[in-house]
Amino acid sequence: MRLRDRLARILAEGHARDHAGIDPGMLKMVSDEDDEHAPSAVLVAITDRPEPGLILTQRSAKLRNHAGQVAFPGGRIDPDDADAVAAALREAEEEIALAPSLVDVIGTTDPYRTHSGFAIVPVLAVIPPDIPLVPHPHEVDEIFEVPLAYALDPARRTQHEIEWEGEVRHYHEIVWEDRRIWGVTAAILVNLCYRLDPVLWREIGSGAQ
């Protein structure tokens, strides 16, 4: 069975469960009536190799929002975008030169509402390995790949809290080599780990048929 098909099946099974496994302090679900957050989308691109990887970017330190942080390619959903998928594909092409024709979209998963005013829809997809990606000079400093099994491993993350604007806020952190993955990106990964059940997603990395 192809990686794309295994991911689609496991994700569907994960969404068939309730939200009992999602930490409300990490994931803030977006309601249909939420009009205070800018609709946005990110591409969760998984490389189709025996040990799949996850494409992430180091955002430019000059950006106004989430400067210098590790992030998925993505951004606001523009009026001309048909939907979140179209927005994620457009942003990925702009930020890392990933051609939409190379992206095999599986579907969307749980939205995430950030404190900085964005309602983000993660778009899960599979891409060929070793594509020569190019960072946008004004938006992305670097592009790198993390093993999917590592990024989703609960043992690889820690939970922290910080006081910001008079409130105590909690966040997850995943350290990969010299990269610090935290905030929105880590929260999306934590939720994706729940959707890709720990017992089932292990077969993704193993290449089981």
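Here are some notes on a helix, a strand and the nonpolar cores of this predicted model.

1. Ground rules. Residues are numbered from 1 along each chain as its sequence is written, and side-chain values use heavy atoms, with hydrogens and water left out. As this is a predicted model, local features need pLDDT of at least 70 and side-chain atom pairs count only at pLDDT 80 or more, while totals for chains, interfaces and linings use all residues. Helices (H or I, at least four residues) and strands (E, at least two) are DSSP runs, numbered from the N terminus.

2. Helix α2. The 13 residues of α2 (residues 84-96) should span 18 Å, and the end C-alpha atoms are 18 Å apart, so the two agree. That expectation is 1.5 Å times one less than the number of residues. At the start, a side-chain oxygen of D83 comes within 3.2 Å of the backbone nitrogen of V85. Just after the helix, A97 has a positive phi of about 60 degrees.

3. What α2 packs on. Its buried residues include A84, L89, R90, E91 and I96; buried means under 20% relative accessible area, exposed over 50%, partly exposed in between (1.4 Å probe, protein chains only). The buried set packs against β1 (38-47), β2 (53-59), β4 (74-76), β5 (104-108), β7 (118-127) and β8 (140-147).

4. Strand β7. Since 10 of the 10 residues of β7 are buried, the strand is largely enclosed by the rest of the structure. F118, I120, P122, L124 and V126 point one way, and A119, V121, V123, A125 and I127 the other. In a regular strand the side chains alternate between the two faces of the sheet.

5. Partners of β7. Two strands count as paired if DSSP finds at least two bridges between them. β1 runs parallel to β7 over 10 bridges, with T47 partnering I127. β5 is antiparallel to β7, joined by 4 bridges, and V105 sits opposite A125. β6 (residues 112-113) is also antiparallel to β7, over 2 bridges; in their hairpin, G117 takes a positive phi near 100 degrees.

6. The cores. A nonpolar core is a set of buried Ala, Val, Leu, Ile, Met, Phe, Trp, Tyr and Cys residues joined through side-chain atoms within 4.5 Å. The largest has 35 residues, and L54, F72, V146, I181 and L189 have the most contacts inside it. α4 (183-195) is among the elements that each supply at least two residues, and α4 gives the most, with 7 residues. Apart from this core lies another, of 18 residues, including A84, L89, V123 and I127.

Notes: Contact = heavy atoms within 4.5 Å. Polar contact = N/O pair within 3.5 Å; in protein donor to acceptor, adjacent residues only side chain to side chain.
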